[in-house]
Amino acid sequence: MAVRVTVVVPTYNSGPLIKPLVESMLRQTMPPGEFEVLFVDDGSTDNTPAQLAALVAEHPNFRFTEIPNSGWPGKPRNVAIELARGEYVQFIDHDDLLGDEALRRMYDLGHANRSDIVIGKVVSNFRLRGIPHALMSRTRESCTFETAPLHDSLTVHKMYRTAFLREQEIRFPVGHFVGEDLLFMVPAVFRAASVSVVGDYPCYYYLEREDGGHTTPDHLDPVSYSANLRQIFDALRAETGPGPMRDKWLRRFWRADMVKYLSEPIFPTYGPEQRGALFRALREVAEEYLTEEVYEGLAGLERARADLVRTDRPDALLELTGRAAGLDADVRLTSAEWRRGRLLTRFEARFATDGEGTPLTLLRRGDRYFLDPSLTDGLVGPVDLTDDLKLFRADVSLRHRDTSVVWLLPREISVSFEEEPVRDTRAGHQDGDVLVRPVVRGTVAVDPARAAGGGPLDEGAWEVHVRLMGPGLNRFGRPEAGPDLVLPAPAVLEGLGGLEVAGSLEDGLTLTVRTTDTPPGPRPPKVTVVVPTEGAEPAAVQDTLDSLTAQTLPAAEFEVLQVPRAARPDGPGEHGTGEYLLYMGAGDRLAADALERLYGYGVEHDADIVVGRMAGKDRAVPRELFVRDRPRATFAKDPLADSLTANKLFHRAFLAEHGLRFPAAGLPLGEQAFTAEASLRAGRTAVLGGEVCYHYGPKPETPAVPHADVYRALRALVGTVEGLTEPGGTRDRLHRRWLRVELLDQLTGKRFLERDEDDRRALFDAIRDVFLDGGISDTAIAALTAPRRVAVGLVTDNRLDDLVALARWETSVACRARLDAVSWQDDGTLRTAFTAELLATEGPLGATSPAEGPAALVPSGLSDDLVARFAREPLTGGAAPDAASAVLVLRERAGGAEYRLTTDTTVHPTDGTLTVGGSASLDPATAAGGAPLRDGAWDLYVRLTALGWTKTAKLGSYRAPEVAEELTPVPHPATPDRLVTPYWTNPHRDLALRVAAPPAPKVPAPAPGLLNRLGRRLRRG
């Protein structure tokens, strides 16, 4: 059997230190015949060679060779690279060990991705090694130095493809060389075509030695170490050119391999002479290799240290290390509760400057922020942090007290800057100076069933650690109890196999996982479904109830409440007891597995709100929101503002925590106000965008509400959002939604044009008041398309007649799509090609083509004033002519569910007109959001986005002459007893698909019998 991995172990006077490593090799889940352990002894002077010879005699997959003493691990490793029989080599020190599944997991991942390097999650039970937890926080199938922070992991204890090391001639320096890992890793990382990272299993364990004997000392020989650094930096220069990548690596070396020895706690431990020699040696290296661009990337306290090194002030640097040594992280736990099977904790963290907990205080002078003067006064000038405030943040981790395994925890972080005016100007302050205390607030949900790389936590005590960071600042702290904090009772959770989880505040927050015979306690229903019935047709209510009866979630795990009022419950605790609440409209239906999928997705992603994909005829469904799953959706980066209906899962405890209630029944925009505020306050919103969960029924009739009342409510809603958000992306997305849906859409289209003049004027005036109040942000208006910006101008200028003219003209804007080709391909997909363009009253809609600057629309059929207004509105962003796009959309005729197909498009601007050519391949096995096409009829549409409009047209009635009239059915690839039949609809001749069982063959009618023939003859006479 071929050897998959050679484990390389350099030894020197190892003695009993090697026992844990050997035992870990014998526990490997990779079969012994698939790996070998190669010991290379560097001239030991004790009984280590005899000990190794005995191991080789006992274990067939162990090998051993001896070399003359070289004094360092580099030569033994080089020898092993030449002797290795394995496809990969794994380097390990003689006093460390591997996790039982390490070789199998690392090899399988690397081999599957043809990776040159495989990094396993690292564990250390002593503090000398900085573990790159961020890099190893998840498994990475394949990455490179450009796509992952590989510069954070430059120790050699990894798995390497043997042929890669040999082909690239990557070897270790021979002899005493502090930093030999770095000289080896620089070319390895930059030349690796693929690097894999096993992040969900602890692979490599650094073990603390009782004698403290580890390879890299704290006290260095300045001359040899600076020479080594020069070789390392020369290697980096050989692998990179000048620029940001090299600068990033040089900053890494500055922090981890240079300034570390010039900082607390190491620098003060040197004697004066040694300290001076080390300072001078490292300063000379920095002057030779570190560019101005490298220093510009340093922040805060890092920059202050660098300034003292560059200006040759070792005594001032020593003083700075003394002042910085008092910095600590003060972390206070403010709340803790069990929610969704997780321990939900909140904390506040501050930097403290002394043992008394005195908070680190920045100084604000005008609009500039400076580092706490107590750290730098008399040493360097004021350290400006204005551009580095974003660096205040925190990470949270669990560390097992016995095994030292660490898992990073997901967390939500916010930073505030508490200000206090300076009252005493005698301490060097100026009038108007403000003291600023940065406070990092975090929310952490510890999921015992998933916190260990997606799996359950092992038994034992897990310490919670907070890493508090700032500009050049980095301290660890344990969360202590805040005022009046009471930890929740221990919990026995489902899915943990008889384990209890208990919290304690012994030396900081600690979770203890232990075996228990106590069964999990009773739990409430997973979901309460609320269905209002007042005014609803009994048949509509029954449709909703029937869809709930058909749910795959067991009936005992959810409850259905019919409430008489059309308004939803006034508060989450007043109806039902479910963990989540789902509000439905009478006549709406859920897909059979909707509750099961929505609840499971919400729990998996710890969501306060879960949004399922919606579908329905004649309903404004937020299509863009559902193009993919979004486990952590936010207003700032996702189109959540397009979905402000309440037909979602809301976590009951979340609603109660924030006192979220529906407004009084009948209040305009009440449902929207509730959903908007809930979505803004939610710690996490998860969007399930695959298959449809929620099907709208027929749209119910609702009583008309006076326009003034509607827009008074909208102005109040704008004010509410302003109180919950800062200016920026989140607020602008909501404002753009209201601009589009509640304001401008009401002033366009047939419904607006069909209003009588008085009603139209009342609507116009009510909307104009919203604009004149100034509540809508200018940046949201500026982001509108050119036609919408023209409409806003007409509203604010009180030009109702021109707005009516514009609305009439816009009703003529449409998409015309020509089908250019349709045919089945050899791979079973239906390839469709089309050309789409925008049309208006006078023909194709076009744009100017200026030599410089953005284009503008050239509408025909409008007044000179309106044409001039369009000419002043540039087509930018997504409305620019070259940004036009089109997508082929598949729509299920029965339920209205839509699925976008991947579409290749090309824009063709010609003589002021614009067409978009596109092609897409429809795979019946995956076209329905990754699922097979279901039985029924499916229509094909082209959705064209161009020049500020998005218009949809059916495909097929207008087609190229070469498109065949006869379309061939094919067997369904997922269900061969079904046919997928393309056909032309009647009477419009549009392209559609039908999925159904093939028709039964016609049985020929029997030939007429003798008596029948005789009777016909007699009747004919």
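**Exercise 1. Determine how many salt bridges the structure has, and describe the pair R340 and D608.**

*Step 1.* A salt bridge requires a side-chain nitrogen of Lys or Arg within 4 Å of a carboxyl oxygen of Asp or Glu. By this rule the count comes to 75 salt bridges. The model is predicted, so local features need pLDDT of at least 70 and side-chain atom pairs count only at pLDDT 80 or more, while totals for chains, interfaces and linings use all residues. Residues are numbered from 1 along each chain as its sequence is written, and side-chain values use heavy atoms, with hydrogens and water left out.

*Step 2.* Side chains of opposite charge can pair when their charged atoms come close. In the salt bridge of R340 with D608, the closest N and O atoms are 2.9 Å apart.

*Step 3.* R340 lies in the loop between β10 (328-339) and β11 (342-352), and D608 in the loop between α15 (594-604) and β28 (609-612), so the pair ties together parts 268 residues apart in sequence. Helices (H or I, at least four residues) and strands (E, at least two) are DSSP runs, numbered from the N terminus.

*Step 4.* Buried means under 20% relative accessible area, exposed over 50%, and partly exposed in between (1.4 Å probe, protein chains only). R340 is therefore buried at 10%, and D608 is buried at 7%.

**Exercise 2. Locate the partners of the salt bridges R441 with E418 and R978 with D935, and state how accessible R441 is.**

*Step 1.* The closest N and O atoms of R441 and E418 are 3.2 Å apart.

*Step 2.* R978 and D935 meet at 2.8 Å, N to O. R978 is in the loop between β46 (970-971) and β47 (979-984), and D935 is in the loop between β43 (913-922) and β44 (936-946), 43 residues apart. R978 is partly exposed at 24%, and D935 is partly exposed at 42%.

*Step 3.* Salt bridges that share partners join R340, R342, D447, R450, D606 and D608 into one network.

**Exercise 3. Describe how helices α18 and α21 are arranged.**

*Step 1.* The axes of α18 (residues 707-724) and α21 (residues 757-772) come within 9 Å and cross at roughly 15°. Axes are lines fitted to C-alpha atoms, for helices over the stretch in contact, and angles run from 0 to 180 degrees between N-to-C directions.

*Step 2.* The two helices are therefore roughly parallel to each other, the class for angles under 35 degrees.

*Step 3.* Contact means heavy atoms within 4.5 Å. The contact is made by H707, A708, Y711 and R715 of α18, and by D759, A762, L763, A766, I767, D769 and V770 of α21.

**Exercise 4. Decide whether T685 is buried or exposed, and list its contacts.**

*Step 1.* T685 lies in strand β32 (residues 685-688).

*Step 2.* With 4% relative accessibility, T685 counts as buried.

*Step 3.* Leaving aside neighbours within four places in sequence, T685 is in contact with I609, V611, R630, P631, R632, A633, L640 and S679.

Key:
Angles under 35 degrees count as roughly parallel, over 145 as roughly antiparallel, 65 to 115 as roughly perpendicular and the rest as oblique.
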